Amino acid sequence: MELQVDRRTLIKATLSGVAGLTLGVTMGGGCGRWRRFRLEPFMWLNISPDNEITIIVVKNEMGQGVSTTLPMIVAEELEADWERIRVEFRPEIQDHVMSLDGDYGTADSMCMRVGFEPMRRVGAAAKWMLIAACGQMWGVDSASLTALNSTISHPTKGTVTYGELAAAASAFPIPRAPKLKDPAEFRIIGQSLQRLDAPAHIEGGSTFGIDVVVPNMVYAAVLQSPVFGGEVSDLRSLSVEDTKAEAVVPIPNGVAVVAGSWWDAKRALDSLDVQFTNPSGMEDLDSEGISRRLAKEMDNPGIRGQSVGNAQSAMRRAAIKIDGAFEVPYLDHAALEPMNCTAHVMADSCEIWVPTQWAARVLRAAQEITHLPASEITIHPTYLGGGFGRKWMADFCVHAILA
């Protein structure tokens with residue numbers, strides 16, 4: 001993995017409605033498929049005049065804990081008071097956090113694998129700037145100052161909070177290579193701390209995608225081909241008067257029924273007689289058929305990724321040999337929260353609320369369907385009730401936009 005921490009990594013910025021010292025962090029490198037993206041700030045640190053420290057996160061929280069672990073890393077190097085740390089999701093800062101060329105998806109454990117070192121550096125950089133501002137204010141050597149719990153102290157000058165220094169600190173240049181702490185000195189990283197999002201979850205204040213309700217909202221139930229690539233060939237026996245359905249909408253590989261409630265939409269959908277035409281070669285695509293195909297492919301030579309030692313020779317010399325076959329059936333990416341999306345499409349704008357792992361992909365899908373410019377499309381990523389990679393896709397968002 002390559003990491004380039006340079007002037008593109010720590011970025012001073014002014015965000016709408018944000019005062020004090022603000023730094024953005026991004027990575028100037030990546031690994032594998034991530035190299036193709038133009039990476040922009042995915043996390044912002046703000047220290048406000050009232051000494052509140054806010055970690056503005058662009059990544060998605062789906063239960064894996066990034067809303068707490070990312071602030072922990074920054075707070076460690078910043079020597080921040082953990083009790084005054086809060087996390088905020090700000091997807092509305094669209095110019096800073098999302099573009100068609102950028103990538104702000106959350107998958108592959110990349111938040112920690114790629115972000116750990118840069119986030120340490122943004123915390124360390126902010127601390128250096130605060131100490132420099134304090135040294136200038138008091139006319140003392142920075143080496144005589146101690147940062148701890150969101151304050152800076154001097155043996156004779158006293159103590160001042162980060163918030164009181166934030167404005168002055170913002171005038172200092174960002175250090176290119178701030179000194180990082182020895183891991184032996186960590187007091188936050190490695191600790192079992194209460195999740196910052198736990199109170200809102202417990203009290204019912206968190207908004208997941210399935211919680212979204214907007215004025216005059218209608219609901220859709222969908223039915224798609226049971227086989228990949230299948231298409232609707234016949235659709236019969238729907239009575240709009242009898243089922244309270246408001247519309248029947250074609251969607252990729254299926255159909256959606258719209259009604260005033262999801263239950264009414266589901267009842268109307270169940271009354272349909274939908275026939276699908278399945279692609280050739282998909283007749284045996286069930287668990288048993290997939291198992292047979294995999295077993296057959298085992299007879300063909302595989303792709304050698306890496307070769308270390310001589311496995312064949314070791315097997316011949318082995319005193320004990322164990323032979324076993326293990327398999328599981330084809331499984332759903334079954335997150336606790338069902339796939340859902342809320343979309344309000346108008347002639348000149350589109351607004352979408354969705355539990356997504358990749359908002360940029362939703363934006364692209366909305367553009368393709370509505371033909372609107374990105375500036376007229378607003379994506380509101382919500383908390384995800386689990387993702388497992390399934391909410392990395394945008395097919396379910398397409399259903400909502402079309403319906």
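The largest nonpolar core of this predicted model holds 44 residues. Such a core is a set of buried Ala, Val, Leu, Ile, Met, Phe, Trp, Tyr and Cys residues joined through side-chain atoms within 4.5 Å. Buried means under 20% relative accessible area, exposed over 50%, and partly exposed in between (1.4 Å probe, protein chains only). Leu21, Ile47, Leu78, Leu130 and Ile152 have the most contacts inside the core. Two or more residues each come from β2 (21–25), β3 (43–47), β4 (53–57), α1 (66–78), β5 (85–89), α3 (110–138) and α4 (162–169). Helix α3 gives the largest share, 12 residues. Elements are DSSP runs numbered from the N terminus: helices are H or I with at least four residues, strands E with at least two. Leu130 touches Leu21, Ile47, Leu78, Ile152, Tyr162, Leu165, Ala166 and Ala169, residues up to four places away in sequence not being counted. Contact here means heavy atoms within 4.5 Å. Another core, of 18 residues, lies apart from the largest one. Ala359, Leu372, Ala394 and Phe396 are among its members.

Residues are numbered from 1 along each chain as its sequence is written. Because the model is predicted, local features need pLDDT of at least 70 and side-chain atom pairs count only at pLDDT 80 or more, while totals for chains, interfaces and linings use all residues; side-chain values use heavy atoms, with hydrogens and water left out.

Helix α1 has 13 residues. The helix reaches 18 Å from its first C-alpha to its last, close to the 18 Å expected at 1.5 Å a residue. The expected span is 1.5 Å times one less than the number of residues. Of the 13 residues of α1, 12 are buried, so the helix is largely enclosed by the rest of the structure. The buried residues include Pro71, Glu76, Glu77 and Leu78. Their cover includes β3, β4, β5, α3 and α4. Just after α1, Glu79 takes a positive phi of about 60 degrees. In strand β3 lies Trp44, which is buried at 1% relative accessible area. Trp44 and Gly24 are 20 residues apart in sequence, yet their C-alpha atoms are 4.3 Å apart.

The whole structure contains 13 salt bridges. A salt bridge is a side-chain nitrogen of Lys or Arg within 4 Å of a carboxyl oxygen of Asp or Glu. Glu79 and Lys181 form one, with an N to O distance of 3.1 Å. Glu79 lies in the loop between α1 and β5, Lys181 in the loop between α4 and α5, and the two are 102 residues apart. Both ends are buried: Glu79 has 11% relative accessibility, and Lys181 has 9%. Asp197 pairs with Arg195 in a salt bridge, the closest N and O atoms being 2.9 Å apart. Asp197 is buried at 2% relative accessibility, whereas Arg195 is partly exposed at 28%.

A salt bridge also joins Glu337 to Lys391, with the closest N and O atoms 3.2 Å apart. Glu337 is in the loop between α9 and β14 and Lys391 in the loop between β16 and α11, so the pair ties together parts 54 residues apart in sequence. Glu337 and Lys391 are both buried. Shared partners join Glu76, Glu79, Lys181 and Arg187 into one salt-bridge network. Lys391 has a relative accessible area of 1%. A polar atom of the Lys391 side chain lies 2.9 Å from the backbone oxygen of Gly386. Beyond four places in sequence, the contacts of Lys391 include Glu337, Pro355, Trp358, Leu384 and Phe396.

Aromatic pairs number 3. Rings of Phe, Tyr and Trp (its six-membered ring) pair if their centres lie within 6.5 Å; planes under 30 degrees apart count as stacked, over 60 as edge-to-face and the rest as tilted. The ring centres of Phe208 and Tyr383 are 5.6 Å apart and the planes stand at 40 degrees, so this pair is tilted. Phe208 lies in the loop between α5 (198–203) and β9 (219–224), and Tyr383 in the loop between β16 (377–381) and α11 (395–402), so the pair ties together parts 175 residues apart in sequence. Phe208 is partly exposed at 22% relative accessible area; Tyr383 is buried at 16%. Phe228 and Tyr330 form an edge-to-face pair, 6.5 Å centre to centre with 75 degrees between the planes. Phe228 is exposed at 56% relative accessible area, and Tyr330 is exposed at 53%.

Key. A polar contact is a pair of N or O atoms within 3.5 Å; within protein, one must be able to donate a hydrogen and the other to accept it, and residues adjacent in sequence count only if both atoms are side-chain atoms.
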